[in-house]
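Please work through the following exercises with the sequence and the three-dimensional structure at hand. Each task is followed by a solution in steps.

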Amino acid sequence: MPKNKGKGGKNRKRGKNEADDEKRELVFKEDGQEYAQVLRMLGNGRCEAMCIDGTKRLCHIRGKMHKKVWIAAGDIILVGLRDFQDDKADVILKYMPDEARLLKAYGELPESTRLNEGIAGGLDEEDDGAADDYVEFEDEDIDKI
């Protein structure tokens, strides 16, 4: 039996980006780039995204991000547009939720863009409207039953 001299297997590789928690500088779009919101994940390192310019594009997740940065539906991403294919793009960067809120505050994203603030943020809005859905009985009604 050979002696194990390595530092670990694939589980060690998965935990490498834990030091990514510190604040990073906000990246704005340049020429040939566009902001987009992920509509759905397609698998095989691809996703379908609606760009801010109104075009739905098939986006390819670059190799540096593949299996390291997890992208889900609703995320705000920065895509690099292709000169030769207008319906395809390459994912350059995924914005964290707080960075996406900053982009919206700076006016980079339109006001109509729905950011996923998480499950708690969505439930608060629904609870306000659901408060009127209860029925009130008086003592006389209960006696009749």
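The structure is a predicted model, in which local features need pLDDT of at least 70 and side-chain atom pairs count only at pLDDT 80 or more, while totals for chains, interfaces and linings use all residues. Residues are numbered from 1 along each chain as its sequence is written, and side-chain values use heavy atoms, with hydrogens and water left out.

**Exercise 1.** State the mean pLDDT of the protein chain and locate a stretch where the pLDDT is below 50.

Step 1. pLDDT is the predictor's confidence in each residue, from 0 to 100. Its mean over the protein chain is 79, and 67% of the residues reach 70 or more.

Step 2. The pLDDT falls below 50 over residues 118–128, a stretch with 1 contact (heavy atoms within 4.5 Å) beyond near neighbours in sequence.

Step 3. Where pLDDT is low, the predicted coordinates should not be read in detail.

**Exercise 2.** Describe how strand β3 is paired and which residues form its two faces.

Step 1. Strands are DSSP runs (E, at least two residues), numbered from the N terminus, and two of them pair if DSSP finds at least two bridges between them.

Step 2. β3 (residues 56–61) pairs with β2 (residues 46–51) in the antiparallel sense over 5 bridges. In this pairing Ala49 stands opposite Arg57. The hairpin has 4 residues between the strands, and Gly54 takes a positive phi near 95 degrees.

Step 3. With β5 (residues 88–94), β3 runs parallel and is joined by 4 bridges. Here Ile61 stands opposite Val91.

Step 4. In a regular strand the side chains alternate between the two faces of the sheet. In β3 the covered face holds Arg57, Cys59 and Ile61, and the uncovered face Lys56, Leu58 and His60.

Step 5. The closed barrel has 5 strands in the order β1-β2-β3-β5-β4, with mixed pairing.

Note on methods:
Buried means under 20% relative accessible area, exposed over 50%, partly exposed in between (1.4 Å probe, protein chains only).
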